[in-house]
Amino acid sequence: MKRLTKEEKFMKAAIKAAKRGLSEGEVPIGAVVVYQDKVVARGYNRRAKLQLASAHAEMMAIDKACKKFSSWRLPEGCQLYVTLEPCPMCMGASLNARVDKIFFGAYEQKGRSLTSALAEANLLNHKTEVVGGVLEEECSALLTSFFAGMRQKQKEEKKQKQLAEQDSQHSTTEN
Ligand SMILES: [Zn+2]
């Protein structure tokens, strides 16, 4: 077996968090905050469960890390690993928390994440380095299979509904 790089090892931890979300019926996106080569906080997307627009994996992990260090400003050298390219909200939170480096897995297909623009904008007198494509295949497969499964489920539900409607039409004509 191929030995994992340090980055891949931490991305695996983010994938594990994403799978936890998956088991709870969430879109599987996971994140971890790493400090001095240790995972100090984990988070996964909980938007469906909490019905909060801000319940993204990165926000969960960053909030936990801030609580752990009792500081909104994370210590120098904190890194964020996330399975999907961060959205502008999460990039904003990372900059606010002074995350030094962000590693993400899958690329956002729509290309609207503004990731590098925000990383470079220096809005808060802080720039963060961003590295994309860490275990990209594994990270995007997780999302692709989730959405494929969801579409399949919707298709089956639609079919069931049509069958039920046909049944009720039958019974009305028979009566
Ligand atoms: Zn986000």
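V33 touches V40, A41, A61, I62, A65, C78 and L80, leaving aside residues up to four places away in sequence. In this predicted model, V33 also belongs to the largest nonpolar core, which holds 43 residues, and V33 is listed there with A14, A31, V32, A61 and Y81 as the residues that touch the most other members.

**V33 and its strand partners**

- V33 has a bridge partner in β2, namely A41, and a bridge partner in β3, namely L80; both A41 and L80 are also among the residues that V33 touches.

- Strands of a sheet pair through backbone hydrogen bonds, and the pairing can be either parallel or antiparallel.
- Here the sheet is open and has 5 strands in the order β2-β1-β3-β4-β5, with mixed pairing; β2 and β5 (129-132) are the edge strands, each of them pairing on one side only.
- Neighbouring strands of this sheet are turned against each other by 20 degrees on average, when direction is ignored.
- β3 is joined to β4 by 5 bridges, and these two strands run parallel, with L84 having A106 as its bridge partner in β4.
- Between β3 and β4 the chain passes through α4, and this β-α-β crossover is right-handed.
- β3 is mostly covered, since 6 of its 6 residues are buried.

**Helix α3**

- Helix α3 covers residues 57-69, which makes 13 residues, and it reaches 19 Å from its first C-alpha to its last, close to the 18 Å expected at 1.5 Å a residue.
- An α-helix has 3.6 residues a turn, so residues three or four places apart point the same way.
- After α3 comes S70, which has a positive phi near 45 degrees.

- In α4, the buried residues are C90, M91, A93, S94 and L95, and what covers them includes α3, β3, β4 and α5 (115-121).
- Just after α4, R98 takes a positive phi of about 65 degrees.
- The sheet also has α1 packed on it: this helix touches β1, β2, β3 and β4 (101-106), and its direction makes about 140 degrees with that of β1.

**Who supplies the core**

- Among the 43 residues of the largest nonpolar core, A61 and Y81 are two of those that touch the most other members.
- At least two residues of this core come from each of α1, β1, β2, α3, β3, α4, β4 and α6 (136-174).
- The element that gives the most to this core is α1, with 7 residues.

Methods: Residues numbered from 1 in each chain as written. Predicted model: local features only at pLDDT ≥ 70, side-chain atom pairs only at ≥ 80, totals over all residues. Helix = DSSP H or I, 4+ residues; strand = E, 2+ residues; numbered from the N terminus. Expected span 1.5 Å × (residues − 1). Pairing = 2+ DSSP bridges. Axes fitted to C-alpha atoms, helices over the stretch in contact; angles between N-to-C directions. Contact = placed C-beta atoms within 7 Å. Buried ≥ 20, exposed ≤ 12 C-beta atoms within 10 Å, placed from the backbone. Right-handed = clockwise from strand over helix to strand, strands pointing away. Core = buried A, V, L, I, M, F, W, Y, C linked by C-beta atoms within 7 Å.
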